[in-house]
Amino acid sequence: WRATIAVNPGSWMAHNNLGIIHLHRGEIERAQAEFTKALEIDPAYAEAHYNLGNALVRSGAASEAIGEYKRAIELNPRIVGAHANLGKILMQSGRLAEAVESLQRAVAIAPDNPAVRGALGGALARSGRSREGVVHLQAAAERDQHSADLRNDLGNALLDLGRNEEAIRSFREALQMEPGNAEAHYGLGNALLDTQRLEEAAASYRRAVDLRPDYPPARNNLANVLVQLGRVDEGIAEYRAALSARPNYAAAHKNLANALRRAGRLDEAMHHSEIASELEARAR
C-alpha cells in the first residue's frame, strides 16, 4: 500500500487499507492519520469513517467515535459494524434506548452474527427487557459455542427473570470455557445466593475476588454471605476491602454498619450508617 501511495498519493483506498494494517498492529496514531488522509481525499468514503471510529475507540476517544459511526451509517446504512459499535458505545454511556435501536438495526442486517445478537441481548437485559434479551442471547450462544462472555450475559439475564437453575448452568458453562472469568464467578455466586446455597456462593465470590481483588460488588456480596453464615468478623473485613476499592459505595457502608452493630461496635456502626445515608441522599 505504501508503494501504491508513492505512485498515486490520491488513492483513498490505499490510505484506508494501510490504516487497517496499522490498526491491527496496534499503531493507533498511524492508523488515524491514514484514515484521516483517506477522508481528506474522499469525505464520502463510508468505510474510512467507520475505521476512523474504530481507531478513536482504541485510543480512548469513544465519544468522538460516535460522530464517525453515524457519518458512516449515513453514507452506507448497511455497515453492520458501525451500527453495532455505535450501539456498544451508547450502552456503555448509559443511553440504553438508543443503544437498543442501533443494535436492532445491526441485527436486521446480520441476524446470524452472534456478537451482534449477543450485544443486543445484553442491551435489552440492561434496559429492563430481560425476557427479550434472553431470546437473543440464547440464539447467539447457540451460534458461538466458545464465548464465555455470551454465557455470562445470558446467566445474568436469566437471573433477572428468576430462572436461577438455568442461570447457574449458564455461568458454569462460561467457567468451563474460561475458568479465570471473574464476572462469571460473581454471577454464579449471585445465582447460588438466590437459591440459598450459601457455602457455594461464598466460594464463588471468593474466587471472583481472588481473580480481581479490586472488585467491590463481589467483596460486598461475599461479606453478606459470611455474615449470614455467622462469620461476622470475616464479613466486616470484606466490607472494608470493598470500601477501600470504592469509598463511596453506599450499600457496603450500610451493610458494614449492620455487621458492626451485630458485633457490638455501635459507634463505628453509626459512623458508616451516616455515610450511607449521605451517599444515598446525593444519589436521589
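Reader: What is the volume of the second largest pocket, and which residues line that pocket?

Author: In this predicted model, the second largest pocket has a volume of about 190 Å³, and its lining includes Lys88, Met91, Pro114, Asp144 and Leu150.

Reader: How do you know which residues belong to the lining of a pocket?

Author: A lining residue must have an atom within 4 Å of a pocket point, and for the second largest pocket this holds for residues such as Ala115, Gly118 and Ala119. Helices α6 (80-92), α8 and α10 each supply at least two residues of this lining, and α8 gives the most, with four.

Reader: Which element gives the most to the lining of the largest pocket?

Author: The largest pocket holds about 270 Å³ of space, and α10 gives the most to its lining, with four residues. Among the residues that line the largest pocket are Met91, Gly122, Arg126 and Asp160, and by class the lining has three nonpolar, two polar and three charged residues.

Reader: Why are α4 and α5 called roughly antiparallel to each other?

Author: The axes of α4 (residues 46-58) and α5 (residues 62-75) cross at roughly 165°, and angles over 145 degrees count as roughly antiparallel, so α4 and α5 are described as roughly antiparallel to each other.

Key:
Residues are numbered from 1 along each chain as its sequence is written. This is a predicted model: local features need pLDDT of at least 70, side-chain atom pairs count only at pLDDT 80 or more; totals for chains, interfaces and linings use all residues. Side-chain values use heavy atoms; hydrogens and water are left out. Axes are lines fitted to C-alpha atoms, for helices over the stretch in contact, and angles run from 0 to 180 degrees between N-to-C directions. Angles under 35 degrees count as roughly parallel, over 145 as roughly antiparallel, 65 to 115 as roughly perpendicular and the rest as oblique. On a 1 Å grid over the protein atoms alone, a cavity is a set of points where a 1.4 Å probe fits but cannot get out, and a pocket is an open set with protein on both sides within 12 Å along at least five of seven lines; lining residues have an atom within 4 Å of a point. Grid points are joined across faces, edges and corners, and a volume is the space filled by probe spheres set on the points. Ala, Val, Leu, Ile, Met, Phe, Trp, Tyr, Cys and Pro count as nonpolar, Asp, Glu, Lys and Arg as charged, and the others, Gly among them, as polar.
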